[in-house]
Amino acid sequence: MNHPFQKALFFMAVAACCAPALAVDVEAAKSLVRRNSCLKCHDVGRDATPFKKIAERYRGDAKAEDKLINHLTSSPEVTYLDGKTKEEHNIAKTVPPKDEAQLRNLVQWVLSN
Ligand code: HEC
């Protein structure tokens, strides 16, 4: 493949085939966040860390996705930003329940904030 035009065709074909599979489905993630009222707590001035800051917390952590999926499926005890109130974290509700693909997409979106 030495001809520049051939190369361009090749890269266009790769982009067309593979890009959507890799990209985060932002709309699906946001819709899940809305249905679970995540932003009731995870927003500036609320009880929990905004997603942007959580993304910073996990920057460079290769296991971040799995850790957060675990977080969203196992109701661990969390402490509010007031440092006092403790509560079991909500399980992220998907239809069907604990749907791995939807959870992974949600977590990838959180980490891309
Ligand atoms: C009732 C309040 C509340 C709701 C609703 C809530 N969270 Fe949380 N979440 C917390 C608190 C409190 C913490 C722990 C303190 C922190 O990390 O800010 C936490 C922590 C997290 C963390 C960080 C975990 C870690 O180990 O660093 C993630 C990611 C997260 N929540 C995602 C979500 C998602 C996604 C939703 C919606 C499906 C959600 N949360 C709904 C209160 C809430």
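What follows walks through the fold, the helix packing, the core and the ligand shell of this predicted model.

Start with the overall layout. The protein chain carries five helices and two strands, and going along the sequence these run in the order α-α-α-α-β-β-α. Of the 113 residues in the protein chain, buried ones make up 7%. As for how the chain meets itself, 60% of the contacts between residues at least 6 apart in sequence join residues at least 24 apart.

Next comes the pairing of helix 4 with helix 5. Two packed helices are described by the angle between their axes and the distance between the axes. Here the angle is about 115°, and the axes of helix 4 and helix 5 sit 9 Å apart. The crossing of helix 4 past helix 5 is right-handed. On the helix 4 side, the residues involved are Ala64, Glu65, Leu68, Ile69, Leu72 and Thr73, and they meet Leu103, Arg104, Val107, Gln108, Val110 and Leu111 of helix 5. By type, the residues of this contact split into eight nonpolar, two polar and two charged.

Then there is the core. The largest nonpolar core has eight residues in all, namely Leu32, Leu68, Leu72, Ala92, Leu106, Val107, Trp109 and Val110. Helix 4 and helix 5 each put at least two residues into this core, and helix 5 gives the most, with four. Leu106, one of the core residues, is in contact with Ala29, Leu32 and Ala92 once its neighbours within four places in sequence are left aside.

Now for the ligand. There are 23 residues around the ligand, and those that come nearest are Asn36, Cys38, Cys41, Ala48 and Thr49. Sorted by type, the shell has 13 nonpolar, seven polar and three charged residues. Three helices, helix 3 (51-57), helix 4 (64-73) and helix 5 (100-111), each supply at least two residues of this shell. The largest share, three residues, comes from helix 4.

A few individual positions round out the picture. Asn113 sits in the segment after helix 5 and counts as exposed because it has 12 C-beta neighbours inside 10 Å. Not counting residues up to four places away in sequence, Asn113 touches Phe51, Lys52 and Ala55.

Lys98 belongs to the loop between strand 2 and helix 5. With 13 other C-beta atoms within 10 Å, Lys98 is partly exposed. Its contacts, leaving aside neighbours within four places in sequence, are Thr73 and Leu103. Thr73 and Lys98 are 25 residues apart in sequence, with a C-alpha to C-alpha distance of 6.8 Å. Both contact partners of Lys98 are also listed where helix 4 meets helix 5.

Lys86, in turn, lies in strand 2 (residues 86-88). Lys86 counts as exposed, since 9 C-beta neighbours fall inside 10 Å. Beyond its neighbours within four places in sequence, Lys86 is in contact with Glu77 and Thr79.

Conventions:
Residues numbered from 1 in each chain as written. Predicted model: local features only at pLDDT ≥ 70, side-chain atom pairs only at ≥ 80, totals over all residues. Near = placed C-beta within 6 Å. Nonpolar A, V, L, I, M, F, W, Y, C, P; charged D, E, K, R; others polar. Buried ≥ 20, exposed ≤ 12 C-beta atoms within 10 Å, placed from the backbone. Contact = placed C-beta atoms within 7 Å. Axes fitted to C-alpha atoms, helices over the stretch in contact; angles between N-to-C directions. Left-handed = near helix turned anticlockwise from the far one by under 90°. Core = buried A, V, L, I, M, F, W, Y, C linked by C-beta atoms within 7 Å.
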